[in-house]
Amino acid sequence: MNKTDRLLAILLELQRKDILRAEDLAGIFETSVRTIYRDIQALSESGVPIVGAPGIGYSLMEGYFLPPVSFTVEEAVALLIGTDFVEQKFDTEYGTKAQASRRKIEAILPESIRREVSRVRTTIRLFAGGKEVDRREKTYLETLRLAILEKRKVRFGYSKRMPEADGNRQSVRVVAPYGLVLLHGSWVLLGQCDLRQQLRHFRLSRMDELIVLEDGFQFPADFKLQDYKQADDRHISVRILARPEIADKVKEANNFYMEAVEEHTDGLHVLFRVRQPEELLQWILGWGADMVVLEPESLRDRVRVEVEKMLKCY
């Protein structure tokens, strides 16, 4: 953080808190106490009315405020919950910026609004969907974000969810990265794949050995990430029966491939659309005998074979 940004941030911290010691400010901005002393002196010389009490700390003279930005309670809550989401789901740099934004928003709120926002926030807690973004994935997220801005290709190893015809799931991809999408709680890279010569999607959790190349690229003139919609290539229908005992749990599971549900006397009939029936195999097996594949017959056979393999293990 440069000096100008730090001076403004110190001022906002003082406006947000009644009193702060130099040691407190040094800890917040990860600098020395001596630097904080110089910053306080610079603010005072520029006309900011800072009151200092030895052994107690610094505070702003009563009645001094930066030019106000007006937020309603609902607007402030929306913004602060947004910073919570960014801190959970984005890379480390943006997580740090989210923390700084939260402090600035809280600092400019009038005391009455701040108290009400605090009260409302105690009744709301954000659980961002999907698995927790791990450290490696956050590092990849930051690397890809910069590669997109610099228009440079990337290379990485990739593990496909479903194997190729030869049984291999591993490949090395070189991709022109166009954008990052948070899909069902998981980060996905959208980019032009050199290997497939088409626009493809890659989950960051399935990447390894990601590096940024010197090769540059240009975005297609007609490409807009906000308008992009993935082509629907799920053309195979799968119908299953969920026994009444698990019907409510299946509804709550909200499987990505689920298209429709129908209540029947024998249980819940659920329709899925997939690219390959095997995409549902592990999910179906996980429900045990309470779930039965009705169609297609090829998937029924596949489940039967897998169950026979499982029996041999026991």
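Helices (H or I, at least four residues) and strands (E, at least two) are DSSP runs, numbered from the N terminus. The model is predicted, so local features need pLDDT of at least 70 and side-chain atom pairs count only at pLDDT 80 or more, while totals for chains, interfaces and linings use all residues. Residues are numbered from 1 along each chain as its sequence is written, and side-chain values use heavy atoms, with hydrogens and water left out.

Pro-296 lies in the loop between strand 11 (291-295) and helix 10 (297-312). The peptide bond that joins Glu-295 to Pro-296 is cis, with omega at about 5 degrees.

Two residues other than glycine have positive phi values, as follows. Lys-151, in the loop between helix 7 (135-150) and strand 3 (152-159), has phi near 55 degrees. Its relative accessible area is 34%, so Lys-151 is partly exposed (buried means under 20% relative accessible area, exposed over 50%, partly exposed in between, with a 1.4 Å probe and protein chains only). In strand 7 (residues 207-216), Glu-209 has a phi of about 50 degrees. Glu-209 is exposed because its relative accessible area is 67%.

Helix 5 (residues 92-108) contains 17 residues and spans 25 Å from first to last C-alpha, close to the expected 24 Å (1.5 Å times one less than the number of residues). The buried residues of helix 5 are Gly-95, Ala-98, Arg-102, Ile-105, Glu-106 and Ala-107. Their cover includes helix 1 (3-16), helix 4 (73-89) and helix 6 (111-121).

Arg-102 counts as buried because its relative accessibility is 16%. Beyond neighbours within four places in sequence, Arg-102 is in contact (heavy atoms within 4.5 Å) with Leu-80, Thr-83, Asp-84, Glu-87 and Arg-121. The Arg-102 side chain makes polar contacts with the side chains of Asp-84, at 3.3 Å, and Glu-87, at 2.8 Å. A polar contact is a pair of N or O atoms within 3.5 Å; within protein, one must be able to donate a hydrogen and the other to accept it, and residues adjacent in sequence count only if both atoms are side-chain atoms.

Helix 1 and helix 5 pack with their axes 8 Å apart, at an angle of about 50 degrees. Helix 1 is therefore oblique to helix 5 (angles under 35 degrees count as roughly parallel, over 145 as roughly antiparallel, 65 to 115 as roughly perpendicular and the rest as oblique). Axes are lines fitted to C-alpha atoms, for helices over the stretch in contact, and angles run from 0 to 180 degrees between N-to-C directions. Leu-12, Glu-13, Gln-15 and Arg-16 of helix 1 meet Arg-103, Lys-104, Glu-106, Ala-107 and Ile-108 of helix 5.
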